[in-house]
Amino acid sequence: MSEQFEPVIVGFLCNWCSYRAADLAGTARIKYAPNLRPIRVMCSGRVDPQFVLQAFRSGADGVLIAGCHPGECHYVNGNIKALRRFALLRKTLEQWGIEQERVQLLWASASEGTILAAAVDRMTEEVRTLGPLRWGEKVLIDEAVLAVGEEV
Amino acid sequence: MKYGYYPGCSMEKNARSYHTSTMAVAKPLGIEFIEVDDWNCCGATEYIAINKIPAYALVSRNLALAADQNDSENLVAPCSACFLNLKKVDHYLQENTELKEKVDIALDAGGLSYEPGTINVQHLLETLSVDIGLDAIKAQVKKPLYNLRVAPYYGCLVPRPATMGSFDDPEHPTSMDKILEVLGATVIDYPLKAQCCGGHMTQISENTALELIRRLLKNAQDSEADMIATLCPMCQLNLDAYQDAVNAHFGTKFKIPIVYFTQLMGLAFDLPENELGFGKEIVSAKPALAKITEQAPKPKRTRERGKKNVGLPMPIMAEEG
Amino acid sequence: MTDNGKPKLAMYWASSCGGCEISVLNIHENILTVDEVFDIAFFPCIADFKYKDVHNYPDGYIDICLFNGAIRNEENEEMAHLLRKKSKVMVAFGSCAYEGCIPALSNLTTKADTFNKVYIDNPSIDNPDGIFPQLVTKVDEGDLTLPNFYHTVSSLDQVVDVDYYIPGCPPEPHQIWAVLQIVVAALTAGGPLPPAGAIIGAGTTALCDECEREKKEKTISKIYRPFEIEPDPDQCLLEQGLICMGIATRSGCGALCPSVGIGCRGCYGPPDGVEDQGAKMLSAIASVLEVGDETMEEDHLEELIQKAVDDIADPAGTFYRFSMAHSILKRVKNGKGAA
Amino acid sequence: MTDMKKSPTEQERVGVYVCHCGSNIAGTIDVDEVAKFAEKNPNVVVSRNYEFMCSSTGQELIENDIKEQGLSRIVVASCSPHMHEKTFREATERGGLNPFLYEMANIREHGSWATNDKEAATIKAKALVNGAIERVVHHAPLEKIPVSINPNTLIVGGGIAGITAALELAEAGHHVYLVERDGTIGGHMAQIDKTFPTLDCSACILTPKMVDVGQNDNITLLTYSEVESVEGYIGNFNITVRKKARCVIEDLCTSCGDCEEKCPQKVVDNDYGAGISTRKAIYRSFPQAVPGYPVLDKENCTYFQTGKCKICEQVCPTHAIDYEQKDEMLNFDVGNIILATGYDLFDARKIPQYGYGRLPNVFSSMEFERMVNASGPTSGHIVLRDGVTHPKSVAIVHCVGSRDQNYNEYCSKVCCMYSLKFAHLVHEHLPGAEVYNFYIDMRTPGKGYEEFYHRLLKEGTHFVRGRVAEITDADRNPGEENKLIVQAENTLLGQQQRTPVDMVILSAGIQARHDAEEVSKLFKMGCDYDGFFNERHPKLAPVATMTDGIFIAGACQGPKDIPDTVAQGGAAASQVAKLISQGTVMMEPVRASIREDECSGCRICNTLCPYNAIEYDEEKDVSRVITALCQGCGTCVAACPSSVIDGAHFTNTQVFAELKGILWDVQEEITAKQEAI
């Protein structure tokens with residue numbers, strides 16, 4: 001790949017809307033950043049905040065949670081729970097110094113392939129600008145560096 | 001309520017009555033117009049099509065000044081052409097970064113700068129009908145214009161293009177109709193209300209202009225309008241000053257006074273005559289104004305709808321939001 | 001010191017408050033039995049031992065080491081390695097050793113911020129020259145050295161192998177005694193020991209199991225801070241909008257805090273099966289936050305929910321008060337300390 | 001952390017199959033490299049790449065490897081699971097493995113088709129495949145859950161689609177509840193005069209079917225009724241219907257029509273009459289209404305408004321009028337639902353420059369349908385708004401509100417044909433009258449449609465190709481006086497054209513019902529961008545929806561003419577009939593379950609389930625999932641603070657494993673960096 005930093009973004013896509021939106025984007029041959037690595041969940045409401053944290057700990061530079069538009073959830077309102085958790089999670093992540101752009105929530109219905117593709121492109125650029133997160137790396141490297149009795 | 005005010009060239013001379021009447025009605029409505037200091041010409045209708053960058057720079061300078069003197073983020077232009085130029089330039093500077101860079105250089109040369117979007121450009125009609133609102137206007141009406149049949153004429157610039165977000169329907173505007181209604185006048189449904197007055201065609205291709213003007217006058221006359229109310233110096237000039245030319249050219253006998261809607265507002269507000277500038281128009285409005293009565297007319301439809309007993313019902317129009 | 005054949009007991013405090021020692025002594029007269037059964041090999045809090053004494057012990061000399069306190073600095077880590085080497089059974093005793101506890105909250109800031117707060121930006125400090133402790137300080141007599149202060153606080157099991165965990169801040173005396181009885185039985189009568197890696201002296205399910213308060217269907221319309229309302233004495237605190245970590249915390253303490261009207265702080269750590277106590281707490285509480293529904297305009301909805309969420313002050317500090325070092329992220333992104 | 005420790009990793013034998021999909025995948029992704037990469041994974045014993053995995057030979061590869069190599073887990077890297085998950089599950093099963101010991105990596109829709117960057121696409125493919133491998137080793141065998149199908153069916157909407165579906169099912173011996181909002185069934189088709197292109201009388205072909213519905217014992221007809229609530233799931237829906245009070249006792253009413261005749265209160269009929277005719281306050285939309293009982297319209301009834309009158313009560317020979325009648329709530333169970341809620345016509349008032357509502361002689365297409373209908377207000381005479389004058393010239397404007405980015409971008413499909421029909425009817429009723437059709441493109445796909453167009457060409461209709469800019473009564477030139485002038489650019493002549501006419505008909509397009517959004521929520525299904533109900537698959541499942549057991553038919557799915565609508569009604573009926581004859585369906589075992597012994601009874605999950613599938617056991621102080629109700633969304637799983645709820649096939653372990661799997665390369669980088677220190 002090119003010299004520039006290629007962020008890795010984990011995407012939790014709900015089976016009914018956003019995963020199909022991504023399918024549609026593909027079927028329509030809409031080209032978008034290959035940086036997204038999708039994981040299918042039945043509903044955005046299934047996304048356990050632990051998944052997001054683990055994604056970061058495992059080295060992801062960004063996490064995208066995508067679900068149906070409010071009111072269009074295949075499970076009535078699972079996406080509303082997702083939204084509530086997301087709001088609190090994002091606030092908490094900020095205390096860990098994880099920028100808002102690194103964890104995003106997107107509504108994309110099954111017919112909105114273009115919207116999903118555009119959102120992935122946008123997020124990829126935003127995260128690219130922020131630079132790598134690569135968490136596990138940071139924790140240990142900083143420790144290694146700092147442990148060598150550096151002055152503050 | 002404070003508003004930036006961009007008069008534009010014509011308000012100082014031929015449209016003086018528009019300017020004074022605007023200032024006159026502003027007071028009772030609690031509007032304070034603060035004229036942009038050291039403003040320059042907007043380039044009128046053609047220039048922007050002839051020499052883009054200078055034209056945009058020309059207009060941007062006014063926006064920059066308005067933003068700089070920031071008495072209000074709203075900038076009101078009573079002239080349709082000025083309004084459109086200001087709004088258009090602000091709009092395209094936001095869209096087209098390349099254009100903005102060039103314009104920035106020009107502004108910078110004059111020690112100015114402007115961030116597109118900081119100024120909200122309004123036409124006077126929008127200010128009065130949307131911001132101030134009909135209730136406030138109604139409250140000021142002292143002498144209703146009963147039995148005065150007025151054709152509201154918007155011209156082609158104010159509500160268009162809708163793509164920039166218009167405060168009224170681009171094909172069938174109604175905001176001036178509503179103002180005239182609360183003034184007590186009989187507003188006639190004027191189908192050509194949003195069609196072109198010919199603009200500078202009077203200078204370039206007179207025949208074209210005369211035909212366009214004829215249509216407007218004819219349609220107004222057919223619907224028994226006592227006068228046409230305008231909101232643009234150019235429209236007023238064309239319909240008023242060229243009426244004789246039209247009559248000569250087509251052998252017609254139009255004698256329709258063309259006034260500014262703000263003049264009628266002033267009249268209904270019972271403001272001092274001298275501030276309203278009646279008499280400056282070429283086709284005198286006097287005879288028409290004489291028709292105004294103390295008594296409200298019997299409510300009757302503006303157009304007859306066949307004999308009721310056998311006629312088919314008309315579709316009900318949904319009330320305006 | 002002569003070896004009297006009794007099993008050897010050690011208890012060490014790394015980065016800790018000393019509360020664990022107190023709770024051990026809090027087993028009342030049973031302490032005598034402990035003294036009877038055990039020979040104290042190392043217990044800085046109650047008896048005068050030197051590190052060199054421990055160095056001199058043969059490996060595995062200590063039968064059971066109750067190690068409390070987190071790994072904050074070089075000394076803590078050094079002692080952890082030493083005691084691990086000298087002990088047969090290594091117990092992470094108390095929340096600090098088990099999962100970082102209060103000391104690990106500083107993982108939300110950087111070392112620099114912590115030093116600033118402690119040595120400069122602090123009303124009770126007079127340090128005009130802005131002097132920080134140095135690893136080495138030269139004086140006429142020679143070099144004075146200090147252990148390195150780590151960037152990140154770790155739990156015991158993140159630096160050495162741990163056989164058992166006893167959660168709690170501090171562990172409840174009755175639980176301590178229960179554990180000691182098992183160990184004593186094992187050492188004297190050859191009773192069975194719990195499986196290695198087990199969390200002992202606590203339950204397996206969440207605290208609600210032993211909480212006496214009445215639990216209904218949970219829907220929270222607004223989150224309150226403890227000083228904002230007078231909680232109903234019988235109803236579940238969480239249902240009243242007070243943050244109670246009980247739902248995401250291991251039972252074992254007998255729900256002490258909730259029983260006196262204070263929301264559980266979560267000091268017993270997560271119950272079995274939970275990776276990250278804070279994340280689960282966060283997820284649960286957000287899920288039942290009854291604001292907004294699917295019929296609303298998207299923007300309005302997001303606004304509404306954001307507002308409700310903002311009532312929760314310092315979520316990371318609240319949900320990870322005790323489990324920060326064991327959490328999935330463990331610590332703040334370098335240089336990006338929360339203000 | 002027990003959840004994390006259950007990993008059976010080592011002893012699994014995974015087979016990986018990377019599909020080329022011709023060049024669809026192989027053209028962008030180095031499938032060979034991906035397969036070789038997969039082979040390195042310790043769990044993988046077989047890793048192949050093949051041209052078309054979905055082909056029978058491709059599937060046999062899997063079956064044979066399972067048997068010969070003793071595979072215990074299968075991963076196929078090909079297209080979207082929505083395309084072929086079922087296919088490969090079945091192959092896995094034929095090979096002798098539980099079908100759920102299989103996982104799919106979507107490297108086509110999400111991979112090769114989404115980028116041109118071959119290198120990036122290959123890396124992504126590796127990641128997705130690796131994720132699938134790591135995930136599949138944690139899969140557990142699952143059994144599908146049988147659900148029995150209640151043989152009764154709910155059909156919403158009594159237009160031609162609903163009528164067709166109802167009769168199909170009823171005649172097949174199944175019971176149907178047909179719910180219609182209006183007082184009678186029939187829908188839009190009952191308003192129409194003639195049907196194109198055959199020109200047979202709409203009512204003549206519709207009313208017999210309406211009567212059949214009324215008489216069929218297998219059909220419970222609920223008119224003037226609306227569905228209030230829908231609970232449950234495929235095979236087992238519980239329906240509540242509000243039967244609005246029509247103030248007429250159906251058992252007593254003989255449909256004699258006296259009340260209607262004697263009622264003094266005339267009302268403009270904006271529904272059936274399209275606003276161009278009047279009805280009474282107690283009325284039947286039309287004489288052949290089914291059922292024949294009238295409806296009393298309280299808003300306009302003199303008695304309800306002023307407390308006086310009661311004439312209908314006095315004239316009713318059977319005392320069937322009951323002013324006190326209350327709405328009635330009916331509750332019943334059905335196994336399947338067919339939505340046939342139809343469409344709204346585009347409201348031409350939205351285009352002011354066309355003057356509808358301002359210019360008297362501008363008519364909407366439905367107004368004209370009613371006018372030209374023998375049973376209409378003018379008994380079929382085509383007249384101007386004054387009710388007497390016959391127009392000498394008529395302009396018919398196509399695409400009103402359709403193919404227009406200001407309103408609806410789509411083509412409404414039927415307008416061209418019915419505009420042609422109008423032109424014909426004008427010729428027929430008013431010989432010598434000039435007819436102008438203003439069109440953008442003439443769209444006449446369908447049996448006998450193009451021929452109909454040619455017929456009109458012969459009949460002398462003037463066809464002007466150009467979108468109408470404005471319709472005005474402002475005359476400009478001689479000959480325009482007192483006319484409506486239709487201004488348009490004739491794109492064939494390339495010039496502006498002003499056509500003075502007496503009458504203008506606006507061929508309004510078809511759009512989704514104004515309340516389609518709420519209806520879709522009520523039935524827990526989706527709407528598309530234009531507000532029409534979403535079909536499960538645009539090509540292969542046009543009458544099914546994303547929600548099992550709920551089907552759609554007719555114009556509620558998109559603009560349709562009568563033949564297409566009838567076809568869909570039949571299609572939906574046969575889909576339902578299939579399920580009924582199956583008796584039971586197998587449901588995905590993707591369900592949540594609570595490990596009761598570990599549940600603390602905190603009750604966090606209790607309110608989260610949209611299907612009320614979680615119950616609380618006071619005795620044991622634990623919560624429990626009712627499997628049959630659970631739809632498997634996993635919201636409760638994510639919320640459970642002690643992780644004692646398992647979401648089958650989407651367990652934490654499985655997702656964590658997949659997560660680490662897809663991040664393999666980042667992980668490698670990180671470890672490399674760490675070792676460097």
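In chain C, residues 24 or more positions apart account for 73% of the contacts with a separation of 6 or more; two residues are in contact if their C-beta atoms, placed from the backbone, lie within 7 Å. Before we go on, note that this is a predicted model, in which local features need pLDDT of at least 70 and side-chain atom pairs count only at pLDDT 80 or more, while totals for chains, interfaces and linings use all residues. Residues are numbered from 1 along each chain as its sequence is written, and chains are lettered from A and ligands numbered from 1 in the order in which they are written.

**Chains B and C**

Here are some overall values for these two chains. A residue counts as buried if 20 or more other C-beta atoms lie within 10 Å of its own, as exposed if 12 or fewer do, and as partly exposed in between, with C-beta atoms placed from the backbone. Helices (H or I, at least four residues) and strands (E, at least two) are DSSP runs, numbered from the N terminus.

| Chain | Residues and buried share | Span of the C-alpha trace along its principal axes |
|---|---|---|
| Chain B | 321 residues, 48% buried | about 70 × 45 × 45 Å |
| Chain C | 339 residues, 47% buried | about 75 × 60 × 30 Å |

Chain C has twelve helices and ten strands, and chain B has 16 helices and eight strands. Among the contacts in chain B between residues at least 6 apart in sequence, 80% join residues at least 24 apart. The radius of gyration of chain B is 20 Å, which agrees with the value near 20 Å for a compact globule of 321 residues; the radius is taken over C-alpha atoms, and the globule rule is 2.2 Å times the number of residues to the power 0.38.

**Two domains in chain B**

Chain B is divided into domain 1 (2-124) and domain 2 (134-290), with bounds that come from an automatic or database domain assignment. The centres of the two domains, taken over C-alpha atoms, are separated by 24 Å. Each domain brings 25 residues to the contact between them. On the domain 1 side, helix H1 (9-12), helix H2 (16-26) and helix H5 (80-95) each supply at least two residues.

**How the chains meet**

Which pair of chains has the most contacts among the four pairs that touch? That pair is chains A and D, where 46 residues of chain A are in contact with 49 residues of chain D. On the chain A side, helix H1 (18-27), strand E2 (36-41), helix H2 (49-57), helix H3 (78-95) and helix H5 (135-147) each supply at least two residues. H1(A) gives the most, with six residues. This side of chain A divides into 22 nonpolar, 13 polar and eleven charged residues. Here Ala, Val, Leu, Ile, Met, Phe, Trp, Tyr, Cys and Pro count as nonpolar, Asp, Glu, Lys and Arg as charged, and the others, Gly among them, as polar.

Other pairs stay apart. No contact joins chain A and chain B, whose closest C-alpha atoms lie 19 Å apart. Chain B and chain C have no contact either, and their closest C-alpha atoms lie 20 Å apart.

**A strand pair in chain D**

Strand E2 (residues 44-50) of chain D is largely enclosed by the rest of the structure, because five of its seven residues are buried. Strand E1 (residues 14-19) of chain D pairs with E2(D) in the parallel sense over six bridges; two strands pair if DSSP finds at least two bridges between them. The bridge partner of D:Cys19 in E2(D) is D:Tyr50.
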